[in-house]
Amino acid sequence: MASRDKQDSRKKEFKKSLDSETARRKREENSIGIRKSAREELMLKRRGIVQPSVIPSPSYQIVVPPEVQEQFQKYENETMENKIKNLPGLVTALNSNDQAYVYSSLVQFRKLLSIHANPPIDQVIECGIIPKLNQLLQCNNPKVQFESAWALTNIASGNNRQTQTVIESGSVPIFIQLLCTETTDEVKEQCAWALGNIAGDTVDSRNYLLKSGAMNALIPLLHYSEGNGANDNNNNGDNSDRRISLIQNIAWTVSNLCRGKPQPDFSIVSQCLPAINELINVDNLPSEIYGDLCWALSYLCDGPNTKIQTVIDSGVVPRLVKLLEYPESIVFTPALRAVGNIVTGESAQTQVVIDNNGVELITRLLSVQKKSIRKESCWALSNITAGEPSQIDVVVSNPKTVTTLISLLSHSEHDIKREACWALSNSTNNSSSKSIQTLVRHNILKHFVDLLNSQDLVILKIVLEGLINIVKEGEKIKTKTGVNPYVNLITELEGESIIYDLQQHQSKDVYKKAVELILFFENSDYSDSENSEPNINQNGQYEFSSNYNSNSINI
């Protein structure tokens with residue numbers, strides 16, 4: 001009795017198993033790299049993209065005489081060096097009173113700024129034409145507005161200093177105003193594009209746009225229904241395609257306004273949730289739209305539980321989870337990010353994902369080739385297994401989930417292995433006896449013992465925590481049978497000697513966990529007798545034989 005009292009007093013000195021709040025882990029800062037690299041590629045593509053010309057009504061046509069066309073065609077055929085030398089002449093044409101010269105020079109400036117590699121943005125800025133571009137942006141001709149907006153968009157796609165030049169010139173209020181006026185979808189698309197470039201530049205630029213009312217101007221343009229073209233003053237029958245193109249740029253810009261840390265004012269950016277919920281449930285839209293909507297959602301639910309609940313209350317979660325099975329990574333990558341953020345919340349919030357078949361769909365992503373997706377999937381599952389026993393049961397009862405996670409412990413890159421450890425170790429905490437038995441049957445003890453030799457302190461502490469949880473469950477069995485089957489199995493796997501040695505580990509946390517765990521072995525009734533290893537018979541009762549292995553426990 002005295003020995004038992006001494007043991008209990010020693011155990012109280014050690015940290016208890018992780019509770020669900022501790023086990024749930026918010027994402028590390030460096031994990032946002034997926035979006036950042038994707039944006040850089042996108043910016044390069046957006047700057048030089050070839051867009052269809054506006055087809056205005058006859059009243060908006062600009063007649064350019066053949067001799068004027070010939071002059072500007074000659075300029076266009078020049079080398080880049082000569083084009084830069086002749087910029088003063090282009091500026092003179094832009095400031096002339098002849099509409100044909102103004103428009104033709106405007107097009108040439110836009111083409112210069114649309115060069116894919118190293119466009120001469122600084123040289124164009126030094127010409128001092130941005131005020132003129134803003135003036136032309138406010139004229140009543142959509143064709144001129146479109147070219148002006150395009151040129152400004154490409155300047156804003158440059159470096160921070162170049163983007164700031166556009167902001168300081170007063171372009172932003174004009175862009176926002178045009179989004180709310182009766183101009184063409186093409187003009188609105190270019191204005192949204194420019195705002196997206198500015199929002200993606202710095203947090204300060206993003207916040208300036210939000211304070212200027214950019215989000216409020218963009219939200220109505222996210223609406224889509226079959227056949228609804230905007231007021232684009234032409235009858236060529238492709239209004240729907242143009243509307244989709246506009247929405248695609250609006251979605252991208254909205255996602256950039258929701259992005260970044262410090263995070264934007266949630267009371268402003270969350271206003272887009274009803275529109276996102278409506279649009280994301282429209283079938284057969286381009287993948288890019290779904291992708292950007294999912295990115296926006298991932299930013300909106302990245303934070304405290306109040307934000308997560310606001311996203312859930314918008315009704316978007318069922319569709320968001322469904323998009324995990326979308327065939328293209330451009331969609332399932334941000335969908336996984338958003339779902340992963342949601343399951344960092346309270347148990348009730350995590351349950352919404354589970355109820356929409358989230359565990360099954362996340363499990364499918366454990367096998368994709370892309371490393372970041374496998375890591376992210378493990379991370380999401382680790383937060384689900386940090387929940388209630390019933391939620392852990394959903395994960396553990398899925399044979400594919402457990403089999404894949406355990407396989408990742410020995411056949412994956414180091415950082416994925418660490419995330420898989422978290423998912424499985426969390427599964428042992430606050431879980432049912434049935435879940436523990438299932439994990440043992442899948443050889444989790446063998447893999448955990450193998451990982452006791454890891455040089456990664458995080459993995460080592462996670463594994464020790466998992467072993468402690470499993471052995472504690474075995475103590476419940478011991479009260480009925482006199483034997484802790486899990487202690488016996490760890491001993492057979494030669495884990496006891498490793499745990500004993502870990503009591504000398506330089507890490508205080510590892511030392512404490514090793515000491516806590518070894519106590520169960522010191523009090524074990526393990527022997528080589530026939531009564532040392534239990535099986536469970538058809539009546540759910542434990543039986544003992546001398547050839548126990550992890551597959552002998554049946555539920």
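Which residues in helix 26 meet which residues in helix 29? In the predicted model examined here, local features need pLDDT of at least 70 and side-chain atom pairs count only at pLDDT 80 or more, whereas totals for chains, interfaces and linings use all residues. Residues are numbered from 1 along each chain as its sequence is written, and side-chain values use heavy atoms, with hydrogens and water left out.

I392, D393 and V396 in helix 26 meet S435, T438 and L439 in helix 29, where contact denotes heavy atoms within 4.5 Å. These residues divide into 3 nonpolar, 2 polar and 1 charged; Ala, Val, Leu, Ile, Met, Phe, Trp, Tyr, Cys and Pro count as nonpolar, Asp, Glu, Lys and Arg as charged, and the others, Gly among them, as polar. Two packed helices are described by the angle between their axes and the distance between the axes. The axes of helix 26 (residues 389-396) and helix 29 (residues 433-441) come within 9 Å and cross at roughly 25°. Axes are lines fitted to C-alpha atoms, for helices over the stretch in contact, and angles run from 0 to 180 degrees between N-to-C directions. Helix 26 is thus roughly parallel to helix 29 (angles under 35 degrees count as roughly parallel, over 145 as roughly antiparallel, 65 to 115 as roughly perpendicular and the rest as oblique). The crossing of helix 26 and helix 29 is left-handed, a term applied if the near helix is turned anticlockwise from the far one by less than a right angle, with right-handed used if clockwise.

The axes of helix 28 (residues 414-428) and helix 31 (residues 457-481) come within 9 Å and cross at roughly 20°. Helix 28 and helix 31 are therefore roughly parallel, and helix 28 passes helix 31 in a left-handed crossing. On the side of helix 28, H414, K417, R418, C421, W422, S425 and T428 make the contact; on the side of helix 31, V458, I459, I462, V463, E465, G466, N469 and I470 take part. The contact of helix 28 with helix 31 has 7 nonpolar, 5 polar and 3 charged residues.

The chain as a whole has 34 helices and 2 strands, assigned as DSSP runs numbered from the N terminus (helices H or I, at least four residues; strands E, at least two). Of the 555 residues in the chain, 57% are buried; buried means under 20% relative accessible area, exposed over 50%, and partly exposed in between (1.4 Å probe, protein chains only). Among contacts in the chain with a separation of 6 or more, 72% involve residues 24 or more positions apart.

Aromatic pairing was examined next. The whole structure contains 4 aromatic pairs, defined for rings of Phe, Tyr and Trp (its six-membered ring) whose centres lie within 6.5 Å, with planes under 30 degrees apart counted as stacked, over 60 as edge-to-face and the rest as tilted. One of them is edge-to-face, because the rings of Y290 and Y326 have their centres 5.8 Å apart and their planes at 65°. Y290 lies in helix 19 (residues 287-300) and Y326 in the loop between helix 21 (317-322) and helix 22 (329-342), so the pair ties together parts that are 36 residues apart in sequence. Y290 and Y326 are both buried. A stacked pair is formed by W295 and Y299, at 6.0 Å centre to centre and 20° between the planes. W295 and Y299 are 4 residues apart in helix 19 and are therefore separated by about one helical turn. W295 is buried at 6% relative accessible area, and Y299 counts as buried at 14%.

Individual positions were then considered. S377, in helix 25 (residues 371-384), is buried with a relative accessible area of 0%. Not counting residues up to four places away in sequence, S377 touches L336, I362, L365 and L366. G387 lies in the loop between helix 25 and helix 26 and is buried, with a relative accessible area of 2%.

Most residues other than glycine have a negative phi, and most peptide bonds are trans. A cis peptide bond, with omega about 0°, joins K261 and P262. N443, which is not a glycine, has a positive phi of about 70° and is partly exposed at 27% relative accessible area. E494, likewise not a glycine, has a positive phi of about 65° and counts as exposed at 58% relative accessibility.
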